[in-house]
Amino acid sequence: MSALLEVRNVSRHFGGLKAISECGFSVTEGHAHGIIGPNGAGKTTLFNLITGIYKPTSGEIVFAGDRLDGLRPSRIALKGIGRTFQNIRLFKQLTVLENVRIAYDSQLHYSPLEALLTLPRMGRNEAESIAKSSALLEAFGLGALSESLAGDLPYGLQRKLEIARAIALNPRLLLLDEPAAGLNSGETAALTEFLRWVRTEYKVTLLLIEHHMHLVMGLCDRITVLDFGQKIAEGTPEEIRGNKRVIEAYLGADEE
Amino acid sequence: MAAMAAFFKKLGANRYALPVLLAVGFVLSLVIPQYGLLNGYVQFVLIMIGINIILSASLNLVNGYMGEFSVGHAGFMSLGAYASAVLTVKLLPDLPDAFFFLPVIVGGLVAALAGFLLALLSFKTRGDYLAIITLAFLMIVKSALENIPYVGGPRGMLGIPKLTTMAWAFFWVVVTIWVLRNLLYSKFGRAIAAIREDEIAANSMGVRVREAKILAFSVSAFFAGVAGALLAHLLVFINPSSFDILKSTEMLVMVYLGGIGSLAGSILGAVIYTLLSNWLQDFGTWRMVIMPLILVLLMLFRPKGIMGFRELPWFLPKREARRKDS
């Protein structure tokens, strides 16, 4: 098993604030890798660095042998990294099907001119996109809702649709930013099972930020812990559970 | 009223209705001027409706579907008008009437080039800032034209041949709507809608935001240029101040009246606006009170316009219409 994603010594400063400083870790292909840490530890900033929304102040990010830092977000997405957002960012006024099709569109091959003149290759590509996107929605149990507006879906289904949309990119790595946020414990247990299914069904490596410890400990093969923009620990769930620095970061150090 | 709505719904769903209507419309557009079936003024108004449909549909692509705010479309229009007039007046004065499509296309291409450059330069700006850039563009085009003696400076160009007929106007309306429909229901159209909804999410889903914006601006500017070329060869006289901010405002009214994000809305807006503004001519100065008032009321009570983000089945490609039925 090799490293699919390598974050090497990455820093990101916003003015004087060191949101991420000299952070490094690697994600093994096929793993579910968790990122945990208190609020403001820099977890989402890290995702935004990996997906190109921010550029690192220094350091390198390498995905499947290619440098990602400095690339546009769309290029990074097309290299095989899908993501969801902490505050769901669906295309709310578009239908469920259109949401998925937009992500699937990167795999369609026709030029603007072919589109403007509606030449045959465009028609074939479009028909294929409708069929594949509908099949994906069926697999996610959203088939019956494909003509509803994404913004009209209940919260839990919006989260699910966001994952479906990311999967439509056909990614090798899926970044999930707090997928269980706002879910109760029963729903979280179901989500854990669901993510296991996604991982094997679509052969995708998971990198997830999460606060629900049940989900993280139950799902992840490896965990990286951040605090104040720095990596303070890394290891298997068992190692992390017993790590003194992690407990300090979450609960505060004993004053002796 | 309900019976009428039902009738229109049935008509909209009928697959043969549109081609038949188009054929009848085209024949009429040839026959009416030939036999003088309508008086000259009515013919003029009908051609203006056609030109305004092209304008509102083209502006709707940027302001409605992509959710940006361009006030510079009169600039694209004037580039199309001047480029085509230079061809028919100065470079190809002996052009046969049947080749009128040529200067119109050149006018469209010149405008599209300007749209391309504008989108390229302003790619990172959004919202208010983009609106200001398009306003600056409009002013630059106007003052540039005023200072080029070759095209008559501030006095403008005279003696442009009257080549815009009802048939040509009808032809270009059909081309505009057809091309825009094809674009909107393609991956590029979905990319444009995704940018409107959430640019960051679009980017992260592999949408090439820069390319999509450039495409939208270029296509939109092309058709604004086409409308400009048609207008120049209808009025047979143009000057830089015919394409000022008021002209852009007219287009905005049409788009926001008919409905953003809707081809049917663009057509509806252009028809209502053209008829209304011709009717209001009789009211003299009051026109300048009534028109803005309509815009204010519209923004207050129906900000997305009459058709806002709704479409008639006619303007959907077959595969989309079929899917929506099932």
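Biologist: What makes strand E1 and strand E2 of chain A a pair, and in which sense do they run?

Modeller: In this predicted model, strand E1 (residues 3-14) and strand E2 (residues 17-28) of chain A are joined by eight bridges, in the antiparallel sense. Two strands pair if there are at least two bridges between them, so E1(A) and E2(A) count as paired.

Biologist: Which residue in the hairpin of E1(A) and E2(A) takes a positive phi?

Modeller: Gly15(A) does, with a value near 60°. The hairpin has two residues between the strands.

Biologist: Which residues other than glycine have a positive phi?

Modeller: Among them are Ala64(A), with phi near 50°, and Val236(B), with phi near 55°. Most residues other than glycine have a negative phi. Ala64(A) sits in the loop between strand E4 (58-63) and strand E5 (66-67) of chain A. Val236(B) belongs to the loop between helix H10 (209-235) and helix H11 (245-258) of chain B.

Biologist: Why is Ala64(A) called partly exposed?

Modeller: Its relative accessibility is 37%.

Biologist: Why is Leu219(A) called buried?

Modeller: The relative accessible area of Leu219(A) is 3%. Buried means under 20%, so Leu219(A) is buried. Leu219(A) is part of helix H8 (residues 213-219) of chain A.

Biologist: Which residues is Leu219(A) in contact with, leaving aside its neighbours within four places in sequence?

Modeller: They are Ala32(A), Thr192(A), Leu195(A), Arg196(A), Arg199(A), Leu206(A) and Leu208(A). The C-alpha atom of Leu219(A) is also 8.5 Å from that of Gly34(A), although the two residues are 185 residues apart along the chain.

Biologist: What is the order of strands in the open sheet of six strands, and what is its pairing?

Modeller: The order is E6-E7-E8-E3-E9-E10 in chain A, and the pairing is mixed.

Biologist: What makes strand E6 and strand E10 of chain A edge strands?

Modeller: E6 (81-83) and E10 (230-235) of chain A each pair on one side only. Neighbouring strands of the sheet are turned by 20° against each other on average, direction ignored.

Biologist: How do you know that strand E7 and strand E8 of chain A are paired?

Modeller: Five bridges join E7 (residues 173-177) to E8 (residues 205-209) of chain A. At least two are needed, so E7(A) and E8(A) are a pair. They run parallel, and Leu174(A) has Leu206(A) in E8(A) as its bridge partner.

Biologist: How many cavities of 30 Å³ or more does a search of the whole structure find?

Modeller: One. The largest cavity has a volume of about 50 Å³.

Biologist: Which residues line the largest cavity?

Modeller: Glu68(B), Ala119(B), Ser122(B), Phe123(B), Thr125(B), Leu130(B), Lys213(B) and Phe217(B) do. By class, that lining has four nonpolar, two polar and two charged residues.

How values were computed: Residues numbered from 1 in each chain as written. Chains lettered and ligands numbered in written order. Predicted model: local features only at pLDDT ≥ 70, side-chain atom pairs only at ≥ 80, totals over all residues. Heavy atoms only, no water. Helix = DSSP H or I, 4+ residues; strand = E, 2+ residues; numbered from the N terminus. Axes fitted to C-alpha atoms, helices over the stretch in contact; angles between N-to-C directions. 1 Å grid on protein atoms, 1.4 Å probe; cavity = no way out; pocket = protein on both sides within 12 Å on 5 of 7 lines; lining within 4 Å. Points joined across faces, edges and corners; volume = space filled by probe spheres on them. Nonpolar A, V, L, I, M, F, W, Y, C, P; charged D, E, K, R; others polar. Buried < 20%, exposed > 50% of the residue type's maximum accessible area, 1.4 Å probe, protein only. Contact = heavy atoms within 4.5 Å.
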